[in-house]
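Colleague: I would like a close look at one part of this model. Please keep it brisk.

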Amino acid sequence: MSNYLTVIHECKDFPAWKSTYDGDAPRRTAAGLTEIHVLREHANANLVALMFGVSDVSRANAMSTSPELASAMKAAGIIGTPRARFRHGEYKRGSAANYATMTLAVRDYETALKAYAMDAADRKAAGLTDLALLQLDDDPNNLVVLWAVGDVARATAFFDSAALAAHMAKNAGVVGPPERHFWRT
């Protein structure tokens with residue numbers, strides 16, 4: 001298993017934010033972060049999702065909580081408090097025009113993993129390609145799942161289906177409503 005940092009935050013203006021973000025690359029590199037994804041939400045192009053590989057969790061944590069980063073984020077026009085989470089798990093690199101994430105809480109990780117394997121054919125039929133299943137470092141029953149999306153309409157229909165909702169509740173032990181986003185590069 002590898003370590004990752006996922007971040008979701010909203011900015012006032014994506015191009016202005018991106019310029020500041022790009023200029024901060026040396027600090028991320030020094031903190032042991034490797035950029036994997038910079039994504040924008042379909043419904044709100046100023047909502048940004050970031051995913052980094054983490055080679056040194058303590059250095060990355062120190063950078064992510066530093067006053068310098070807070071100042072840079074404020075200057076970049078970040079709205080509200082970013083949700084930065086250290087996670088671990090498996091990631092399979094894949095590129096696509098569209099991605100989807102689902103963040104969810106489960107009663108038991110092993111049970112959820114078995115249930116996830118059960119609907120692999122349904123995900124494939126919905127145009128989803130599995131890329132990552134990551135556990136939150138502080139809570140192994142908090143998961144984020146990342147997919148490459150071949151067809152947003154088919155994926156939406158799958159995610160909104162009563163069959164998936166029943167499967168998630170009955171077999172996967174999902175607690176509460178998941179948070180779902182569609183992203184683009």
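Which helices and strands each supply at least two residues of the lining of the largest cavity?

Modeller: Bear in mind that this is a predicted model. Five elements each supply at least two lining residues: the strands β5 (98–106) and β7 (139–149), and the helices α5 (109–118), α7 (152–159) and α8 (162–170). Of these, α5 gives the most, with four residues.

Now the cavity itself. A search of the whole structure finds one cavity of 30 Å³ or more. About 230 Å³ of space lies in the largest cavity. Its lining has 20 residues, and the closest to the centre are Leu104, Tyr116, Val145, Met168 and Ala172. By class, the lining divides into 17 nonpolar residues, one polar and two charged.

Next, take α7, one of the elements that supply the lining. Its buried residues are Ala155, Phe158 and Phe159. These three are on the same side of α7, because they cover an arc of only 95 degrees around the axis. Several elements cover them. Among these are the strands β5, β6 (128–136), β7 and β8 (174–184), along with the helices α6 (120–125) and α8.

Last, the start of the helix. Asp151 caps the N-terminal end of α7. One of the side-chain oxygens of Asp151 lies 3.0 Å from the backbone nitrogen of Ala153.

Notes: Residues numbered from 1 in each chain as written. Predicted model: local features only at pLDDT ≥ 70, side-chain atom pairs only at ≥ 80, totals over all residues. Heavy atoms only, no water. 1 Å grid on protein atoms, 1.4 Å probe; cavity = no way out; pocket = protein on both sides within 12 Å on 5 of 7 lines; lining within 4 Å. Points joined across faces, edges and corners; volume = space filled by probe spheres on them. Nonpolar A, V, L, I, M, F, W, Y, C, P; charged D, E, K, R; others polar. Buried < 20%, exposed > 50% of the residue type's maximum accessible area, 1.4 Å probe, protein only. Arc of directions from axis to C-beta. Contact = heavy atoms within 4.5 Å. Polar contact = N/O pair within 3.5 Å; in protein donor to acceptor, adjacent residues only side chain to side chain.
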